[in-house]
Amino acid sequence: MPGLLTLLLLPLSWLYAGVAAVRNWLYDTGRWASTSAEVPLIGVGNLRVGGTGKTPHVAWVIEQLLAAGHKPAILSRGYGRRTRGFRVATSTDTAATIGDEPWQHFRAFAQQVPVVVDEDRRHGLAEMRRQLPGLTAVVLDDAYQHRRVRPNLNILLTEQARPFWADYVLPAGRLRESRLGARRADVVIITKCPPEWPAHEQQAAAARVQQYTRPGVPVLFSTYRYGEPTAVFPAEAALGGVEPLQPVVLLTGIAQPEPLLSELRRRGYSVLAHHRFADHHAFSAGELQDLAAALPPGAAIITTEKDAARLREPALRTTVASLPLFYVPIRVAFLADGAQRLQAMLAPPQLTPRVVA
């Protein structure tokens, strides 16, 4: 049952949803142009603002494409960057110049996968065709609402704890468009599921999703596997490791830090405090110095892999390198046969390239 504030904001949500619906209708009917590309395009996005796990799922898709012999690239708008226009990531870039998520991908895949940012994906694809010949696939990061580009495979993510079917359009809820936007999905992944989520609950969730999707669209389920805490600047600090039962302070600037907090507690860490900032927060040296001053003796600071990308900013390097600061890597794993089913969707002929319109 929606709360009072949600009910009061619903008229504004209907207006927002109406504008989005008209925009989608213009694209769906061909009145506004939507183009494809000469190489397969895989879109990974969501209906909700933030927190569904796009970054690790994009990484999973890239890993599968590499394993299949593709030469893939990632195209993102570069949310939160201080630059504009088309930009191919290089070793001189930072989270400030290309965005924290693209920088995380660049570090993860080094020179193996080009990472490109452009707020206009159509322009970005045209420039990639000109400047990056030989690509065989492009993964569009967070482009579900970017209708000017038409993916060959549209992957929609929704978080298990905050599914789109139980949410409302902004400002009453967190949806960017109505739940009916799920009809554009070719596959829906319910993310951040408990590893042992009962089959009957998965079936019930899938049935809720399928109320909004096209008939036959598969619903898959993924979870997170957390790695061991890793020093943000391992070459500059002899930090050792973080042992279970050791007191830690959690530092986050992401939309949904609760899964990591739960994982730390599950592992037996004593979480003394959680310094929580808004998603994509640009940390300052002063904030980190205040955190260091209040840090109890023997305690370590734990952050996320995404936050670590911003904490490696050159202006923060001296401060960060002196802190017992670790990030926890995450990887996506699928429940049941989800990985095999998605791998099949990433293989020809499902991803047959289309001619540019």
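## Domain separation

The centres of domain 1 and domain 2, taken over C-alpha atoms, lie 30 Å apart. Domain 1 covers 4-70 + 136-225 + 335-346, and domain 2 covers 228-328. These bounds come from an automatic or database domain assignment. The model is predicted: local features need pLDDT of at least 70, side-chain atom pairs count only at pLDDT 80 or more, and totals for chains, interfaces and linings use all residues. Residues are numbered from 1 along each chain as its sequence is written, and side-chain values use heavy atoms, with hydrogens and water left out.

Six residues from domain 1 and four residues from domain 2 make the contact. Contact here means heavy atoms within 4.5 Å. The size of an interface is often given as the accessible area lost when the parts come together. Between domain 1 and domain 2 the buried area is about 390 Å². Buried area is the accessible area (1.4 Å probe) that two parts lose on being put together, summed over both. Carbon and sulfur atoms give 53% of the area between the domains.

Three residues stand out on the domain 1 side. Gly51, Arg162 and Lys192 supply 58% of the area that domain 1 buries against domain 2, more than any other three residues.

## Polar and charged links across the interface

One salt bridge is counted between domain 1 and domain 2. A salt bridge is a side-chain nitrogen of Lys or Arg within 4 Å of a carboxyl oxygen of Asp or Glu. One residue pair is in polar contact between the two domains, both residues at pLDDT 80 or more. A polar contact is a pair of N or O atoms within 3.5 Å; within protein, one must be able to donate a hydrogen and the other to accept it, and residues adjacent in sequence count only if both atoms are side-chain atoms.

On the side of domain 1 that touches domain 2, no residue is nonpolar, two are polar and four are charged. For these classes, Ala, Val, Leu, Ile, Met, Phe, Trp, Tyr, Cys and Pro count as nonpolar, Asp, Glu, Lys and Arg as charged, and the others, Gly among them, as polar.

## Salt bridges around Arg162

The salt-bridge count comes to 24. Arg162 pairs with Glu159 at 3.4 Å, N to O. Glu159 is buried, at 2% relative accessibility. Arg162 is partly exposed, with a relative accessible area of 28%. Buried means under 20% relative accessible area, exposed over 50%, and partly exposed in between (1.4 Å probe, protein chains only).

Arg162 also meets Glu258, with 3.8 Å from N to O. This pair links distant parts of the chain, 96 residues apart. Arg162 sits in the loop between strand 6 (153-159) and strand 7 (187-191), and Glu258 in helix 7 (residues 258-266). Helices (H or I, at least four residues) and strands (E, at least two) are DSSP runs, numbered from the N terminus. Glu258 is partly exposed, at 27% relative accessibility.

Glu228 and Arg267 form a salt bridge at 3.9 Å, N to O. They are 39 residues apart. Glu228 lies in the loop between strand 8 (219-226) and strand 9 (230-231), and Arg267 in the loop between helix 7 and strand 11 (270-276). Glu228 is exposed, with a relative accessible area of 55%. Elsewhere, salt bridges that share partners join Glu159, Arg162, Lys192, Glu258 and Arg276 into one network.

## Leu10

Leu10 is in helix 1 (residues 4-28). Leu10 is buried, at 11% relative accessible area. Leu10 touches Tyr168 and Ala172, not counting residues up to four places away in sequence.
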